[in-house]
Amino acid sequence: MEKSLSVLNYNGQIISRIEDIANILRKTFAEVSSNEFYPQDFIVFKRRKEKFKFDFEPSSNENYNIEFTMHQLKDALNKSHPTSPGPDGIHYNMLKNLNENSLCSILTLFNRIWNEKAFPASWREAVVVPIPKIGKDPQHSSNYRPIALTSCLCKLLERMVNKRLVYILEKKNILSKFQSGSRYGRSPQDNVLQLETAIRDAFVSKKHLVSIFFDMDKAYDRTWRHGILKDLFNIELRGNLPIFIKNFLLTRTFRVRVGDVLSDEFYQQEDVPQGSVLSVTLFIIKINDIIKQLSPYVHGSLYVDDFQIHCSGTDMSFVVRQIQTAISRITEWADKNGFVFSVSNTKCMHFCRRRGLHRDPEILLNGNVIPVVSEEKFLGVLLDSKLTFRPHISNLKKKCNKALDLLKVISSKSWGADYFSLQKIYKSLVL
(Lines give C-alpha, C1' and ligand atoms only; values in the text may rest on other atoms or scores of the structure.)
Protein backbone atom coordinates (compact mmCIF):
# COMPACT_ATOMS: atom_id res chain seq x y z
CA MET A 1 0.00 0.00 0.00
CA GLU A 2 2.80 2.42 0.81
CA LYS A 3 4.25 1.85 -2.65
CA SER A 4 0.94 2.79 -4.27
CA LEU A 5 0.78 5.91 -2.07
CA SER A 6 4.28 7.12 -2.86
CA VAL A 7 2.92 9.58 -5.43
CA LEU A 8 -0.42 11.22 -6.36
CA ASN A 9 -1.49 13.05 -9.50
CA TYR A 10 -3.62 15.96 -8.27
CA ASN A 11 -4.99 18.40 -10.86
CA GLY A 12 -2.07 17.61 -13.15
CA GLN A 13 0.54 18.07 -10.41
CA ILE A 14 2.68 15.19 -9.16
CA ILE A 15 2.62 15.09 -5.35
CA SER A 16 5.31 13.01 -3.65
CA ARG A 17 5.59 14.52 -0.16
CA ILE A 18 3.82 12.15 2.28
CA GLU A 19 2.25 14.98 4.33
CA ASP A 20 0.76 16.50 1.15
CA ILE A 21 -0.55 13.11 -0.02
CA ALA A 22 -2.27 12.57 3.32
CA ASN A 23 -3.93 16.01 3.18
CA ILE A 24 -5.06 15.57 -0.44
CA LEU A 25 -6.72 12.29 0.50
CA ARG A 26 -8.23 14.04 3.53
CA LYS A 27 -9.71 16.69 1.26
CA THR A 28 -11.10 14.08 -1.15
CA PHE A 29 -12.78 12.07 1.62
CA ALA A 30 -14.15 15.25 3.26
CA GLU A 31 -15.72 16.44 -0.01
CA VAL A 32 -17.54 13.15 -0.53
CA SER A 33 -19.28 13.43 2.85
CA SER A 34 -19.99 17.17 2.61
CA ASN A 35 -23.35 18.79 1.88
CA GLU A 36 -22.02 20.13 -1.42
CA PHE A 37 -21.74 16.56 -2.71
CA TYR A 38 -25.55 16.31 -2.88
CA PRO A 39 -27.62 17.54 -5.85
CA GLN A 40 -28.67 21.18 -5.47
CA ASP A 41 -32.40 20.40 -5.30
CA PHE A 42 -31.83 17.99 -2.42
CA ILE A 43 -29.69 20.53 -0.53
CA VAL A 44 -32.64 22.97 -0.55
CA PHE A 45 -35.03 20.19 0.51
CA LYS A 46 -32.57 19.02 3.19
CA ARG A 47 -32.13 22.43 4.77
CA ARG A 48 -35.87 22.93 4.97
CA LYS A 49 -36.48 19.54 6.62
CA GLU A 50 -33.61 19.88 9.10
CA LYS A 51 -35.30 22.88 10.74
CA PHE A 52 -37.54 20.35 12.48
CA LYS A 53 -35.89 18.82 15.56
CA PHE A 54 -37.00 15.44 16.86
CA ASP A 55 -37.88 15.07 20.54
CA PHE A 56 -37.01 11.56 21.65
CA GLU A 57 -37.48 12.32 25.35
CA PRO A 58 -41.22 11.88 26.09
CA SER A 59 -41.19 8.15 26.90
CA SER A 60 -38.32 6.06 28.20
CA ASN A 61 -40.09 3.18 29.96
CA GLU A 62 -39.66 0.63 27.16
CA ASN A 63 -37.54 -2.46 27.78
CA TYR A 64 -35.02 -1.42 25.14
CA ASN A 65 -34.02 1.53 27.35
CA ILE A 66 -33.01 -0.46 30.44
CA GLU A 67 -29.40 -0.77 31.58
CA PHE A 68 -27.04 -3.32 30.03
CA THR A 69 -26.07 -6.46 31.93
CA MET A 70 -22.74 -8.24 32.32
CA HIS A 71 -24.09 -11.12 30.21
CA GLN A 72 -24.81 -8.71 27.32
CA LEU A 73 -21.33 -7.19 27.62
CA LYS A 74 -19.59 -10.58 27.55
CA ASP A 75 -21.78 -11.77 24.67
CA ALA A 76 -20.87 -8.69 22.59
CA LEU A 77 -17.19 -9.12 23.48
CA ASN A 78 -17.19 -12.79 22.44
CA LYS A 79 -18.75 -11.90 19.06
CA SER A 80 -16.21 -9.15 18.38
CA HIS A 81 -13.49 -9.95 15.87
CA PRO A 82 -9.87 -8.75 16.22
CA THR A 83 -9.58 -5.44 14.38
CA SER A 84 -7.08 -2.61 14.33
CA PRO A 85 -7.52 -0.21 17.27
CA GLY A 86 -8.70 3.36 16.97
CA PRO A 87 -6.85 6.50 18.12
CA ASP A 88 -6.98 5.37 21.78
CA GLY A 89 -4.85 2.26 21.03
CA ILE A 90 -7.25 -0.10 22.86
CA HIS A 91 -7.86 -3.33 20.95
CA TYR A 92 -10.22 -6.29 21.44
CA ASN A 93 -7.51 -8.73 22.56
CA MET A 94 -6.81 -6.39 25.46
CA LEU A 95 -10.51 -6.19 26.38
CA LYS A 96 -10.98 -9.97 26.17
CA ASN A 97 -8.21 -10.56 28.69
CA LEU A 98 -9.57 -8.20 31.36
CA ASN A 99 -10.60 -9.61 34.73
CA GLU A 100 -14.13 -9.44 36.16
CA ASN A 101 -13.52 -6.23 38.13
CA SER A 102 -12.26 -4.39 35.03
CA LEU A 103 -15.26 -5.59 33.00
CA CYS A 104 -17.54 -4.30 35.77
CA SER A 105 -15.88 -0.88 35.44
CA ILE A 106 -16.46 -0.91 31.66
CA LEU A 107 -20.09 -1.92 32.18
CA THR A 108 -20.54 0.93 34.67
CA LEU A 109 -19.06 3.35 32.11
CA PHE A 110 -21.37 2.08 29.38
CA ASN A 111 -24.47 2.40 31.57
CA ARG A 112 -23.50 5.94 32.58
CA ILE A 113 -23.18 6.90 28.91
CA TRP A 114 -26.53 5.21 28.28
CA ASN A 115 -28.47 6.75 31.17
CA GLU A 116 -26.87 10.20 31.16
CA LYS A 117 -27.41 10.44 27.37
CA ALA A 118 -23.79 11.43 26.82
CA PHE A 119 -21.23 10.41 24.21
CA PRO A 120 -17.45 10.68 24.69
CA ALA A 121 -15.94 13.20 22.29
CA SER A 122 -12.91 10.93 21.72
CA TRP A 123 -15.25 8.26 20.30
CA ARG A 124 -16.08 10.62 17.45
CA GLU A 125 -12.43 10.68 16.39
CA ALA A 126 -11.05 8.18 13.89
CA VAL A 127 -7.99 7.38 11.84
CA VAL A 128 -8.67 6.69 8.15
CA VAL A 129 -6.46 4.25 6.26
CA PRO A 130 -6.78 4.66 2.44
CA ILE A 131 -6.99 1.36 0.57
CA PRO A 132 -6.53 1.47 -3.25
CA LYS A 133 -9.46 0.14 -5.26
CA ILE A 134 -8.66 -2.94 -7.32
CA GLY A 135 -8.07 -2.19 -11.00
CA LYS A 136 -8.04 1.60 -10.50
CA ASP A 137 -5.15 4.03 -11.01
CA PRO A 138 -3.54 4.49 -7.56
CA GLN A 139 -2.22 7.93 -8.53
CA HIS A 140 -5.71 9.49 -8.32
CA SER A 141 -7.07 10.32 -4.88
CA SER A 142 -10.65 9.35 -5.84
CA ASN A 143 -9.55 5.74 -6.37
CA TYR A 144 -9.06 5.02 -2.67
CA ARG A 145 -11.50 3.48 -0.23
CA PRO A 146 -11.44 5.03 3.29
CA ILE A 147 -11.24 2.46 6.09
CA ALA A 148 -12.03 4.16 9.41
CA LEU A 149 -10.36 2.89 12.59
CA THR A 150 -12.52 3.87 15.55
CA SER A 151 -12.44 3.08 19.25
CA CYS A 152 -12.97 -0.62 20.03
CA LEU A 153 -14.69 0.40 23.27
CA CYS A 154 -17.17 2.43 21.24
CA LYS A 155 -17.71 -0.44 18.80
CA LEU A 156 -18.32 -2.80 21.72
CA LEU A 157 -21.12 -0.58 23.04
CA GLU A 158 -22.43 -0.14 19.48
CA ARG A 159 -22.74 -3.92 19.16
CA MET A 160 -24.82 -4.07 22.34
CA VAL A 161 -27.05 -1.20 21.18
CA ASN A 162 -27.37 -2.70 17.70
CA LYS A 163 -28.68 -6.00 19.08
CA ARG A 164 -31.51 -4.16 20.83
CA LEU A 165 -32.26 -2.09 17.75
CA VAL A 166 -32.41 -5.14 15.46
CA TYR A 167 -34.70 -6.91 17.95
CA ILE A 168 -37.15 -3.99 17.91
CA LEU A 169 -37.08 -3.74 14.09
CA GLU A 170 -37.78 -7.47 13.70
CA LYS A 171 -40.42 -7.52 16.44
CA LYS A 172 -42.33 -4.62 14.86
CA ASN A 173 -41.84 -5.98 11.30
CA ILE A 174 -40.31 -2.66 10.27
CA LEU A 175 -37.82 -4.05 7.76
CA SER A 176 -38.91 -5.17 4.32
CA LYS A 177 -39.13 -8.94 3.86
CA PHE A 178 -37.06 -8.46 0.69
CA GLN A 179 -34.07 -7.12 2.67
CA SER A 180 -31.59 -9.90 3.47
CA GLY A 181 -28.62 -7.88 4.68
CA SER A 182 -27.38 -8.37 8.27
CA ARG A 183 -30.48 -10.29 9.35
CA TYR A 184 -30.58 -13.51 11.31
CA GLY A 185 -31.27 -16.54 9.13
CA ARG A 186 -30.90 -14.56 5.91
CA SER A 187 -28.05 -14.49 3.37
CA PRO A 188 -27.17 -13.25 -0.14
CA GLN A 189 -28.13 -16.70 -1.47
CA ASP A 190 -31.77 -15.91 -0.64
CA ASN A 191 -31.76 -13.04 -3.14
CA VAL A 192 -29.87 -15.03 -5.78
CA LEU A 193 -32.30 -17.97 -5.48
CA GLN A 194 -35.31 -15.63 -5.63
CA LEU A 195 -34.10 -14.14 -8.91
CA GLU A 196 -33.07 -17.53 -10.33
CA THR A 197 -36.53 -18.96 -9.56
CA ALA A 198 -38.21 -16.02 -11.31
CA ILE A 199 -35.94 -16.45 -14.36
CA ARG A 200 -36.61 -20.20 -14.63
CA ASP A 201 -40.36 -19.61 -14.28
CA ALA A 202 -40.11 -17.13 -17.16
CA PHE A 203 -38.22 -19.69 -19.27
CA VAL A 204 -40.86 -22.37 -18.63
CA SER A 205 -43.77 -20.04 -19.46
CA LYS A 206 -41.88 -18.60 -22.49
CA LYS A 207 -41.76 -15.06 -21.15
CA HIS A 208 -39.23 -12.26 -21.23
CA LEU A 209 -37.68 -11.28 -17.90
CA VAL A 210 -35.86 -7.96 -17.58
CA SER A 211 -33.74 -7.29 -14.50
CA ILE A 212 -32.09 -4.04 -13.43
CA PHE A 213 -29.04 -4.20 -11.15
CA PHE A 214 -28.68 -0.78 -9.51
CA ASP A 215 -25.44 0.76 -8.35
CA MET A 216 -25.70 3.46 -5.68
CA ASP A 217 -23.01 6.09 -6.00
CA LYS A 218 -21.25 6.51 -2.61
CA ALA A 219 -24.22 4.95 -0.81
CA TYR A 220 -22.85 5.12 2.74
CA ASP A 221 -21.28 8.55 2.19
CA ARG A 222 -24.62 9.98 1.01
CA THR A 223 -26.69 8.58 3.87
CA TRP A 224 -28.68 11.48 5.31
CA ARG A 225 -28.34 11.48 9.11
CA HIS A 226 -31.42 13.62 9.73
CA GLY A 227 -33.36 11.21 7.52
CA ILE A 228 -32.30 8.29 9.74
CA LEU A 229 -33.50 10.16 12.84
CA LYS A 230 -36.78 10.89 11.06
CA ASP A 231 -37.26 7.17 10.36
CA LEU A 232 -36.46 6.29 13.99
CA PHE A 233 -38.96 8.91 15.16
CA ASN A 234 -41.65 7.59 12.79
CA ILE A 235 -41.32 4.03 14.12
CA GLU A 236 -41.94 5.53 17.58
CA LEU A 237 -38.59 4.86 19.21
CA ARG A 238 -38.16 7.04 22.30
CA GLY A 239 -35.72 7.33 25.18
CA ASN A 240 -32.13 6.15 25.57
CA LEU A 241 -31.91 4.07 22.38
CA PRO A 242 -32.71 6.76 19.77
CA ILE A 243 -30.87 9.42 21.80
CA PHE A 244 -27.70 7.28 21.78
CA ILE A 245 -28.03 6.90 17.98
CA LYS A 246 -28.58 10.64 17.64
CA ASN A 247 -25.38 11.34 19.60
CA PHE A 248 -23.56 8.62 17.64
CA LEU A 249 -24.43 10.37 14.35
CA LEU A 250 -23.22 13.83 15.35
CA THR A 251 -20.39 15.39 13.32
CA ARG A 252 -17.26 13.27 13.55
CA THR A 253 -13.59 14.07 12.93
CA PHE A 254 -11.02 12.06 11.01
CA ARG A 255 -7.33 12.07 10.19
CA VAL A 256 -5.91 10.19 7.21
CA ARG A 257 -2.87 8.04 7.95
CA VAL A 258 -0.27 7.39 5.25
CA GLY A 259 2.55 5.31 6.69
CA ASP A 260 3.34 6.99 10.02
CA VAL A 261 2.10 10.42 8.91
CA LEU A 262 -1.31 11.81 9.92
CA SER A 263 -3.15 14.46 7.91
CA ASP A 264 -4.88 17.51 9.29
CA GLU A 265 -8.25 16.91 10.91
CA PHE A 266 -11.41 16.98 8.81
CA TYR A 267 -15.10 16.94 9.64
CA GLN A 268 -17.55 14.42 8.29
CA GLN A 269 -20.81 16.27 7.83
CA GLU A 270 -22.98 13.40 6.63
CA ASP A 271 -22.97 9.60 6.13
CA VAL A 272 -22.94 6.72 8.60
CA PRO A 273 -19.52 5.83 10.05
CA GLN A 274 -17.92 3.03 8.03
CA GLY A 275 -16.71 -0.11 9.81
CA SER A 276 -19.46 0.05 12.42
CA VAL A 277 -22.00 -2.71 13.10
CA LEU A 278 -24.58 -0.12 14.06
CA SER A 279 -24.00 1.83 10.83
CA VAL A 280 -25.13 -1.11 8.68
CA THR A 281 -28.44 -1.34 10.54
CA LEU A 282 -28.98 2.43 10.31
CA PHE A 283 -28.30 2.34 6.58
CA ILE A 284 -30.81 -0.54 6.17
CA ILE A 285 -33.42 1.56 8.00
CA LYS A 286 -32.80 4.52 5.69
CA ILE A 287 -33.04 2.49 2.47
CA ASN A 288 -35.95 0.34 3.68
CA ASP A 289 -38.72 2.24 1.87
CA ILE A 290 -37.13 1.97 -1.58
CA ILE A 291 -38.70 -1.45 -2.10
CA LYS A 292 -42.15 0.05 -1.41
CA GLN A 293 -41.91 2.07 -4.63
CA LEU A 294 -42.47 -1.04 -6.78
CA SER A 295 -45.78 -1.93 -8.41
CA PRO A 296 -47.34 -5.43 -8.01
CA TYR A 297 -45.90 -6.45 -11.41
CA VAL A 298 -42.31 -5.54 -10.47
CA HIS A 299 -40.38 -7.53 -7.88
CA GLY A 300 -37.12 -6.70 -6.18
CA SER A 301 -34.61 -7.56 -3.50
CA LEU A 302 -32.11 -5.82 -1.25
CA TYR A 303 -28.90 -6.96 0.35
CA VAL A 304 -27.93 -3.83 2.30
CA ASP A 305 -27.29 -1.52 -0.72
CA ASP A 306 -27.29 -4.19 -3.47
CA PHE A 307 -30.64 -3.41 -5.09
CA GLN A 308 -32.20 -5.40 -7.93
CA ILE A 309 -35.64 -5.30 -9.58
CA HIS A 310 -37.20 -7.52 -12.26
CA CYS A 311 -40.39 -7.95 -14.25
CA SER A 312 -41.54 -10.71 -16.61
CA GLY A 313 -44.17 -10.95 -19.34
CA THR A 314 -44.93 -12.23 -22.84
CA ASP A 315 -45.12 -8.67 -24.21
CA MET A 316 -41.78 -6.84 -24.05
CA SER A 317 -43.43 -3.41 -24.29
CA PHE A 318 -45.46 -4.21 -21.14
CA VAL A 319 -42.31 -5.29 -19.27
CA VAL A 320 -40.40 -2.17 -20.30
CA ARG A 321 -43.32 0.06 -19.33
CA GLN A 322 -43.59 -1.50 -15.87
CA ILE A 323 -39.83 -1.33 -15.25
CA GLN A 324 -39.65 2.29 -16.45
CA THR A 325 -42.51 3.31 -14.16
CA ALA A 326 -40.78 1.61 -11.23
CA ILE A 327 -37.48 3.38 -11.99
CA SER A 328 -39.26 6.75 -12.14
CA ARG A 329 -40.74 6.16 -8.68
CA ILE A 330 -37.41 4.87 -7.33
CA THR A 331 -35.47 7.90 -8.57
CA GLU A 332 -38.15 10.21 -7.17
CA TRP A 333 -37.73 8.52 -3.78
CA ALA A 334 -33.93 8.73 -4.08
CA ASP A 335 -34.10 12.47 -4.85
CA LYS A 336 -35.94 13.03 -1.55
CA ASN A 337 -33.53 10.90 0.47
CA GLY A 338 -30.16 12.01 -0.88
CA PHE A 339 -29.25 8.88 -2.86
CA VAL A 340 -27.94 8.91 -6.44
CA PHE A 341 -27.73 5.98 -8.86
CA SER A 342 -24.69 5.58 -11.10
CA VAL A 343 -25.93 5.28 -14.70
CA SER A 344 -22.67 3.79 -15.99
CA ASN A 345 -22.53 1.08 -13.29
CA THR A 346 -26.26 0.26 -13.27
CA LYS A 347 -26.87 -2.66 -15.64
CA CYS A 348 -29.84 -4.23 -17.42
CA MET A 349 -30.14 -7.92 -18.34
CA HIS A 350 -32.69 -9.56 -20.63
CA PHE A 351 -33.30 -13.20 -19.73
CA CYS A 352 -35.05 -15.12 -22.48
CA ARG A 353 -35.10 -18.52 -24.19
CA ARG A 354 -37.76 -17.73 -26.76
CA ARG A 355 -36.85 -18.48 -30.35
CA GLY A 356 -36.19 -15.76 -32.87
CA LEU A 357 -34.48 -12.40 -32.53
CA HIS A 358 -35.62 -10.04 -29.80
CA ARG A 359 -34.74 -6.39 -29.48
CA ASP A 360 -33.00 -5.44 -26.25
CA PRO A 361 -35.10 -3.31 -23.91
CA GLU A 362 -34.42 0.42 -23.86
CA ILE A 363 -34.85 1.66 -20.30
CA LEU A 364 -33.85 5.11 -19.05
CA LEU A 365 -32.27 6.18 -15.78
CA ASN A 366 -32.01 9.94 -15.25
CA GLY A 367 -32.46 10.46 -18.99
CA ASN A 368 -29.71 7.99 -19.98
CA VAL A 369 -30.17 4.53 -21.46
CA ILE A 370 -29.17 1.77 -19.02
CA PRO A 371 -26.58 -0.45 -20.75
CA VAL A 372 -27.82 -3.98 -21.56
CA VAL A 373 -25.25 -6.68 -20.77
CA SER A 374 -25.14 -10.43 -21.39
CA GLU A 375 -23.36 -11.15 -18.10
CA GLU A 376 -23.52 -9.47 -14.70
CA LYS A 377 -22.23 -10.36 -11.24
CA PHE A 378 -25.00 -10.38 -8.65
CA LEU A 379 -24.01 -10.94 -5.01
CA GLY A 380 -20.97 -12.98 -6.01
CA VAL A 381 -22.70 -15.04 -8.73
CA LEU A 382 -21.95 -14.30 -12.40
CA LEU A 383 -25.29 -14.54 -14.23
CA ASP A 384 -25.66 -14.99 -18.00
CA SER A 385 -28.75 -14.28 -20.11
CA LYS A 386 -29.49 -18.00 -20.69
CA LEU A 387 -28.79 -18.90 -17.04
CA THR A 388 -26.30 -21.63 -17.94
CA PHE A 389 -23.81 -20.51 -15.21
CA ARG A 390 -20.97 -21.36 -17.62
CA PRO A 391 -19.31 -17.90 -17.22
CA HIS A 392 -19.56 -18.22 -13.43
CA ILE A 393 -17.95 -21.67 -13.39
CA SER A 394 -15.26 -20.61 -15.89
CA ASN A 395 -14.41 -17.53 -13.82
CA LEU A 396 -14.36 -19.62 -10.63
CA LYS A 397 -12.06 -22.16 -12.26
CA LYS A 398 -9.57 -19.46 -13.29
CA LYS A 399 -9.45 -18.05 -9.75
CA CYS A 400 -8.95 -21.51 -8.24
CA ASN A 401 -6.20 -22.36 -10.73
CA LYS A 402 -4.28 -19.21 -9.75
CA ALA A 403 -4.46 -20.26 -6.11
CA LEU A 404 -3.40 -23.80 -6.98
CA ASP A 405 -0.38 -22.40 -8.82
CA LEU A 406 0.64 -20.71 -5.58
CA LEU A 407 0.33 -24.01 -3.73
CA LYS A 408 2.54 -25.70 -6.33
CA VAL A 409 5.23 -23.07 -5.86
CA ILE A 410 5.43 -23.38 -2.05
CA SER A 411 4.99 -27.18 -1.83
CA SER A 412 7.62 -29.88 -2.19
CA LYS A 413 8.46 -33.25 -0.61
CA SER A 414 11.91 -32.06 0.47
CA TRP A 415 11.23 -28.37 1.23
CA GLY A 416 8.47 -25.76 1.39
CA ALA A 417 5.35 -25.38 3.51
CA ASP A 418 4.15 -28.20 5.74
CA TYR A 419 0.88 -30.08 5.29
CA PHE A 420 -1.14 -27.99 7.75
CA SER A 421 0.01 -24.69 6.24
CA LEU A 422 -0.90 -25.90 2.75
CA GLN A 423 -4.29 -27.02 4.01
CA LYS A 424 -4.98 -23.59 5.53
CA ILE A 425 -3.99 -21.85 2.29
CA TYR A 426 -6.20 -24.21 0.31
CA LYS A 427 -9.21 -23.56 2.55
CA SER A 428 -8.65 -19.79 2.42
CA LEU A 429 -7.94 -19.33 -1.30
CA VAL A 430 -9.65 -22.26 -3.02
CA LEU A 431 -12.31 -23.89 -0.88
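Work out how far apart the end C-alpha atoms of residues 112–383 lie.

*Solution.* The end C-alpha atoms of residues 112–383 lie 51 Å apart, and the span is 34% helix and 23% strand. Here helices (H or I, at least four residues) and strands (E, at least two) are DSSP runs, numbered from the N terminus. UniProt lists residues 112–383 as "domain: Reverse transcriptase" in an unreviewed entry; such annotations may be inferred rather than shown by experiment.

A word on the model: it is predicted, so local features need pLDDT of at least 70 and side-chain atom pairs count only at pLDDT 80 or more, while totals for chains, interfaces and linings use all residues. Residues are numbered from 1 along each chain as its sequence is written, and side-chain values use heavy atoms, with hydrogens and water left out.

**Exercise 1: two packed helices**

Describe how helix α3 and helix α5 pack.

*Solution.* Start with the geometry: α3 (residues 70–78) and α5 (residues 100–115) pack at about 105°, their axes 10 Å apart. Axes are lines fitted to C-alpha atoms, for helices over the stretch in contact, and angles run from 0 to 180 degrees between N-to-C directions. The two helices are therefore roughly perpendicular, a label for angles of 65 to 115 degrees.

Next, find the residues in contact (heavy atoms within 4.5 Å). From α3 come M70, L73, K74 and L77; from α5 come E100, L103, C104, I106, L107 and F110.

**Exercise 2: buried or exposed?**

Decide whether T331 is buried or exposed.

*Solution.* First locate T331: it is found in helix α11. At 13% relative accessibility, T331 counts as buried; buried means under 20% relative accessible area, exposed over 50%, and partly exposed in between (1.4 Å probe, protein chains only). Finally, not counting residues up to four places away in sequence, T331 touches F341, L365 and N366.

Terms used. Parallel < 35°, antiparallel > 145°, perpendicular 65-115°, else oblique.
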